[in-house]
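Work through the exercises below with the model open. Each task is followed by a solution in steps.

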Amino acid sequence: MRDYRGAFKNYFLFYLSAIALTCFQVSLWPKYAGNIPAPHFWIPVLTYWNLYRSPKEGLIMSYLLSLLLAPLTVIPLGMIMFINTIFVIVVLAFKNRFYQPGPIYFSMSVGLITFLFVPVRYMISFVLDNAHFTLQIHFFDWIFTTLLTTLAALPLYTIFMFFDALTQKELPTESGRPI
Amino acid sequence: MTALFIPFLLFNMERKSGEALWILRPFSFTTGLFLTGYNSFSTGVKGTTSLYLNLVGISKKNRTLTTENAKLKAKLIEMTELTLENERLRNLLKFKQKSEMKLMAGKVIGKDLVPEHNTVTINIGTRHGIKKNMAVITAAGAVGYVLSPEVFTSQIILLTDPYAAIDALVQRSRARGIVEGHNSDKANLNYLKRGDDAVIGDLVITSGLDNIFPKGFPVGVISNVKKSRFGTTQDIELSPVINPNNLEEVFVILDAKLRDFEPQPVGSPEEIKNKTSPKGDL
């Protein structure tokens, strides 16, 4: 029988940490780091769930994360969901082509997704947004955010593994789960 | 493809209603609580840290302060007079603000998730009387407007955000256009006719026609004017009067009471007409 309580605890822990991290990104980071671009803290959660869970669970988490992100930005909810769903597809495709266990691989995947955030966001905005297209790419912010998020993914991997152990969730296997 | 159906559906729902979806309310509430909590935490930490830092250097500063104290005592008498004057002026200003507009002060407690967008979250919401599309200002000029008010917090879209639009006038020539955000330190004044009079250094003010801002509030100063060889409009770039990166406290206008911030022109009607009419047309 499936352990629903454990699964709920697992979802809850990850989601709570996503809220705490994302609110930290928009509130405390600008206060203490000034204009240094903040890492995108929701991306490690999204990537972790898509690397080490079934595609269905990963997709549900991407929808839940979109609901969390929408109140913190001017980007419409539908557009954020589009972006996160594309990331789910990218992570699954990446995992299919190349998989290695461990924090380095996880951190690399997070880096890839963070790097893709800006072009994917522009592409989606270009296709869906009927508002004037005056968004500008901030290259420094883009690269710096990618680097910081990649680095932040390393300690977060350990924390996420701890969450899994705490809620007795089956830990990631060497080959990953079948897609 | 099924995975993309839900985002597409939500995107259309949002576009049709033009409002934040009801499904987001619990999430906005939760994030609002977190942001308020972080803000209180940060204020507490700042206070404790500064107290400790003060203690470290206290003995060193003591000697310097003793000598400075004597000098300052002399200056104190002079300063008291100035303080009293300042107090009087402040009271006058308060009285003026109270009688003209109903304002509510808010503290910035969060920024947009994405660096390409310029929105801030402030620590006041519907509980304090904040509603959607209320104007947000500082003493320097227009800041933006309320995009989505929540119970304890509100999201403010700054006029430098690409999604923001404010109806505006060139103060000198009365040419009317729409200010649209461009990036964190620039905005554009769009839809100005090619023949409209606008030069670098002109002040752009709110027109009051969008029912958001009172008329005559400073928006920005024209920093660049480009006219292509063909086309019916001109490209005008603005430097906003506010710096979105340094915003800490803002005012939300709860009731503008039809306030017009522009100084009324002095002179005969003929003189005023000559001063304000555009110099040429297409």
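**Exercise 1: strand pairing**

Two bridges join the antiparallel strands S3 (residues 135–137) of chain B and S12(B). The model is predicted: local features need pLDDT of at least 70 and side-chain atom pairs count only at pLDDT 80 or more, while totals for chains, interfaces and linings use all residues. Residues are numbered from 1 along each chain as its sequence is written, chains are lettered from A and ligands numbered from 1 in the order in which they are written, and side-chain values use heavy atoms, with hydrogens and water left out.

Task: Find which residue stands opposite B:Val136 in S12(B), and how many bridges join strand S1 of chain B to strand S12 of chain B.

Solution.
1. Strands are DSSP runs of E with at least two residues, helices are runs of H or I with at least four, and both are numbered from the N terminus. Two strands pair if DSSP finds at least two bridges between them.
2. Opposite B:Val136 stands B:Val252 of S12(B).
3. S1 (residues 102–111) and S12 (residues 249–255) of chain B run antiparallel and are joined by six bridges. Here B:Lys107 has B:Glu249 of S12(B) opposite.

**Exercise 2: aromatic pairs**

Task: Classify the pair A:Tyr15 and B:Phe27 from ring centres and planes, then do likewise for A:Phe106 and A:Tyr157.

Solution.
1. Rings of Phe, Tyr and Trp (its six-membered ring) pair if their centres lie within 6.5 Å; planes under 30 degrees apart are stacked, over 60 edge-to-face, and the rest tilted. Over all chains, the whole structure holds 30 aromatic pairs.
2. For A:Tyr15 and B:Phe27 the centres are 6.4 Å apart and the planes at 85°, so this pair is edge-to-face. The pair crosses between chains, from helix H1 (residues 4–26) of chain A to helix H2 (residues 25–56) of chain B.
3. Buried means under 20% relative accessible area, exposed over 50%, and partly exposed in between (1.4 Å probe, protein chains only). A:Tyr15 is buried at 14%, and B:Phe27 is buried at 18%.
4. For A:Phe106 and A:Tyr157 the centres are 5.4 Å apart and the planes at 40°, so this pair is tilted. A:Phe106 in helix H6 (residues 103–128) and A:Tyr157 in helix H7 (residues 139–166) of chain A are 51 residues apart. Both A:Phe106 and A:Tyr157 are buried.

**Exercise 3: a charge over rings**

Task: Find at what distance from the ring centre A:Arg53 lies over the face of A:Trp49.

Solution.
1. The criterion is NZ of Lys or CZ of Arg within 6 Å of the ring centre and within 35 degrees of the ring normal.
2. A:Arg53 lies 4.5 Å from the ring centre of A:Trp49. A:Arg53 also lies over the face of A:Phe14, at 5.3 Å.
3. A:Phe14 and A:Trp49 belong to one aromatic cluster, with A:Phe106 and A:Tyr157 among its members.
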